[in-house]
Structure formats: structure tokens, C-alpha cells
Amino acid sequence: MKLQNVLTTKQFHDPKVLNELFALAAKIEKQEKSIVKKAPLQGKIMAALFYEPSTRTRFSFETAMLKLGGEVVSTENAGEFSSAVKGETLQDTIRIISGYVDAIVMRHSIEGSAKIASEISTVPVINAGDGAGEHPTQALLDMYTIKKELGKIDGLTIAVAGDLLYGRASRSLIDLLSRYNNKIYLVSPDQLKFPEGHKQLYGNGMKFEEYNNLKDVAAKVDVLYMTRIQKERFASEAEYLKLKGSYILDKSIVSMMKKNSIIMHPLPRVDEINRDIDSDPRAAYFREARNGLYLRMALLHSILN
Ligand code: NCD
């Protein structure tokens, strides 16, 4: 498997590609020490160009690169600390950076920006989130987590809950899940429903069941995928505040869930999962974040080795 750019989950619709990637991530996880020693990406440099806030995505990509023996140049606030402040276009910035490094991991607030960058860049571009667009590497690590936790990625019942209007992590995950004969429940307030157009675009022709309430799906699911209401995408704070707190997973709802089900969340969480659930064995979100490191090591290895 030789990957170039990673721009959308659509590149991973072929089960063979996904399986190869997961096998590599699992191998890296198992043989971490010896791979770190071998340093397969020695001499390679990855740029992390982030125009939007990030903790997990940037740190895990950077750690992944360092563990593979490569090096990293990084800006965590490119909107303020790069020449964007001086009025440089994204196109010019990418043209310059791609002359310095071997791969660019980019997060930007504009939907479609990763694709634009890839058209100019002379090195592979990895989309680490393009506004309300896509977040393919998150969806890949989510699928990898489901596989690890439940042993399969098909034939499952999965509820995707929260902000389905603006959430890019949920959108990308739905695109992959809907390829694998899963039943998907969409759970959101009416104002944050998964847009009709997206059902076609990311639903791959599947029929969704829609709900307003976590209680209505809790007992039925194998995976409950929670998401944060995407405050930064609202037109005003007042609009956000109207919906803030409308979905909260608490012990009473978790108690309805099957014993061998799991709770996932791309994180960061705000108030949508009560902290007293963290110690429940079904709470998989911290394991999920850790899996991101291995999945991103596998991606960088496939692209740069
Ligand atoms: C997600 C994102 O940035 O879209 N976070 C992440 O990368 N783990 C989810 C979110 O911000 O809510």
C-alpha cells in the first residue's frame, strides 16, 4: 500500500486498503520498541500546519513522526504565527513549505482547503480537519478502535450523536461505517441534524434512523459515538448556548447499554459525557485517542517510507 495524499475517507472505501492500514497499525503497536529503534523515517521531515486548535491530532501526528525516526516542523497557530497574518495566501504558504519538507499535515477552518493545498503541494498533504468538511484520519482511527474493541467493523449497530450538522469527525466516520453493512442511528437536536444532502454524500445510499434522544437508542447499540457541539461553527454565541448541554451521557443512560458495547468520542469533550463514566470499562475514548498514535504512525509510514 503506497499512499499519497490523505484528503477524504472516500480513499479508504476499498476494504483491502483499510485492512492493510489496520494490520500495519497493529504491527507497529506490537513492535513499537523495535520500530522506534529502526527509525524507518530517518531524514524525513513532516510539517504540522495548524490554523485551528488541536491537541490530539497535532500531538499524535508529531509523536508518530518522531517515533518513526523523522523530524517535525510545526506551527500550532498558523493563522497568527505564519505569514497568513501578513496576507499571504494558503496557496503561497503551501508552495513554500512543500519545498522544505516531505509531507504536510494541515488543519484549516475552510472546507476544501486540504484539497486546494494538495493541488499546489509537491509533497503529500494529510487533511487533519478542513473546517466543517472532513476529518479522515480521525475516522480511520475510530474504525481501527471499533475493530480492536469489538473484533469487527461490519454488522454493528452504531449511534452517532451530537452535532451532526457541523461535526467533521462524525461525517467522516459515517462515510466509512456506511460502507460496511452497519445500522446507523443519527441522534441530534433538530437544529443540528445530519443534512439531507450529506446522507447521500456520506451515507453511500444507506437508510438512517433518526432520533432526538440518547435514551431511545442506548439499549440497542454496540457503539455509542458521542460528539461535542461545534461552538466555533455557530454564527453567534447565543445560538450555541441554546443547544449547549442538550446531550449529556450520564450513568442512568449508560446503565441501559449492553455489557459489551463501547462509548467513543473524538474528544475534546465539553459536558456531553459525565466524568463519572470514565471509569466504566465501556468508556473507550481514551483508548481511542491512544490508537490515534499507531494509526497515524501507520499512515506516515505508508506515505513516506
Ligand atoms: C475533532 C475535530 O477537530 O474535528 N477533534 C479531534 O480531532 N479529535 C472533534 C472536535 O473538535 O469536536
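Modeller: Let us begin with a definition: a residue is called buried when its relative accessible area is under 20%, and exposed when that area is over 50%. Please keep in mind that this is a predicted model.

Biologist: By that cut-off, is Phe12 buried or exposed?

Modeller: Phe12 is buried, because its relative accessible area is 0%, under the 20% limit. Phe12 belongs to the segment before α1.

Biologist: Which residues does Phe12 touch, leaving aside those up to four places away in sequence?

Modeller: Phe12 touches Leu3, Val6, Val17, Leu18, Leu21, Leu140, Leu176, Tyr180 and Leu299. By contrast, Ser246 lies 33 Å from Phe12, C-alpha to C-alpha, and 234 residues away in sequence.

Biologist: Which residues of α1 are buried, and where do they lie around the axis?

Modeller: The buried residues of α1 are Val17, Leu18, Leu21, Phe22, Leu24, Ala25 and Ile28. They lie on the same side of α1 because they cover an arc of only 160° around the axis. Lys16 and Lys30, on the other side of α1, are exposed.

Biologist: Against what do the buried residues of α1 pack?

Modeller: Their packing partners are α2 (32-38), α7 (136-150) and α12 (285-304).

Technical notes
Residues are numbered from 1 along each chain as its sequence is written. This is a predicted model: local features need pLDDT of at least 70, side-chain atom pairs count only at pLDDT 80 or more; totals for chains, interfaces and linings use all residues. Side-chain values use heavy atoms; hydrogens and water are left out. Buried means under 20% relative accessible area, exposed over 50%, partly exposed in between (1.4 Å probe, protein chains only). Helices (H or I, at least four residues) and strands (E, at least two) are DSSP runs, numbered from the N terminus. The arc is that of the directions from the helix axis to the C-beta atoms. Contact means heavy atoms within 4.5 Å.
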